[in-house]
Amino acid sequence: MKKPTINILCVASDNYIQHAGVTLASLFENNKDIHFVVYLMTEYISAPSKEKLKGFVESYDNEIIFIQDNFEIINTLPLTGNWSKLVYLKLFIPYYIPQTVKRLLIIDVDIIFNGSIRELLNIDMDKYALAGVEDYDASTDHKKRLGIPDDKSYVNGGFIYANMDKWRDAYKQNLFFSFLKKHKDHIICQEQDIINGVFQNEIYTLPIKWNMLSLFFAYRPRCFKKYLPQLEEAKKNPLVIHFCEIYKPWEKESFHPYRSLYFKYLKLTPWKDYKPSIRNWKSYIYIVITKLKYVIHKTGILHGNTLFTPSKYK
């Protein structure tokens, strides 16, 4: 029987190709009954990185297409916080992706897949521009500054299942850059703000297990209260784990309860010999303080927002 096909798009710089490989390893290992066509958008990828990633993807009988351009326009767009300018490449997806692609899963490369995504194929997306998981509870403030009504959803941009016909229509009408121009003084989350603003009336919200953000694992989880009934099960059996905290799982500073999964899938890639390192001397202080917080937490004195729940969820 022929496998169904899911088209994937990720954006990565050359120094994130290893992490793209790990994300794809977790996707392929948990979805061997699906054929994947991967599109990787980048400003630059070295020949060795390209060869490694191509060979790895093809070893699973999947396909990869590299979309490389200088994308000079993104240098003129507003940058905030620790966000990379490359995330703006998502706004150009309708121009670069073939017209034959009707559905596209757009993912960040700091996520790990922990189960089958075949259920996505059963979602009726005809009325929707995208499906995604609502962002942290702080997204209420995001909606206010962007003029998005409070009863609309604001989803995290790290996992988006897109209806490409609607994205192409938006691109042809210049809706992305019109929204950016109108709200340029209020853009904080870069392309995520723009996508949510343009498609605010056409968003299908997924259960939180589809994009378990780091602070959903906190002792005081930062999800909306309506998702609390889903939370315990989603912690135990997350479908997608999104490492969207400052310290990533490939760094020694990470205390994420699912950090070990990164290294599980890393071993399956051409980058299997990678060893995590410390960023700088300040990181040693951070590690000691964080471990101390865990000890104090056990006494019942401290219940911080940013402390992850115990590693029973590994």
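How many disulfides does the structure hold? I looked and found zero disulfides (a disulfide being a pair of cysteine sulfur atoms within 2.5 Å).

I note that this is a predicted model, in which local features need pLDDT of at least 70, side-chain atom pairs count only at pLDDT 80 or more, and totals for chains, interfaces and linings use all residues. Residues are numbered from 1 along each chain as its sequence is written, and side-chain values use heavy atoms, with hydrogens and water left out.

**Cysteines.** I checked cysteine 10: its closest cysteine sulfur is in cysteine 244, 17 Å away, which is too far for a bond. Cysteine 10 is buried at a relative accessible area of 1%; buried means under 20% (1.4 Å probe, protein chains only). I then checked cysteine 223, whose sulfur lies 13 Å from that of cysteine 244, the closest one, and this is again too far for a bond. Cysteine 223 also counts as buried, with 6% relative accessibility.

**Overall shape.** I looked up the extent of the C-alpha trace, which spans about 55 × 45 × 40 Å along its principal axes. Of the 314 residues, 53% count as buried.

**Helices and strands.** I counted ten helices and ten strands. These are DSSP runs, numbered from the N terminus: H or I of at least four residues for helices, E of at least two for strands.

**Contacts.** I took contact as heavy atoms within 4.5 Å. Among contacts with a separation of 6 or more, 78% are between residues 24 or more positions apart.

Conventions
Buried < 20%, exposed > 50% of the residue type's maximum accessible area, 1.4 Å probe, protein only.
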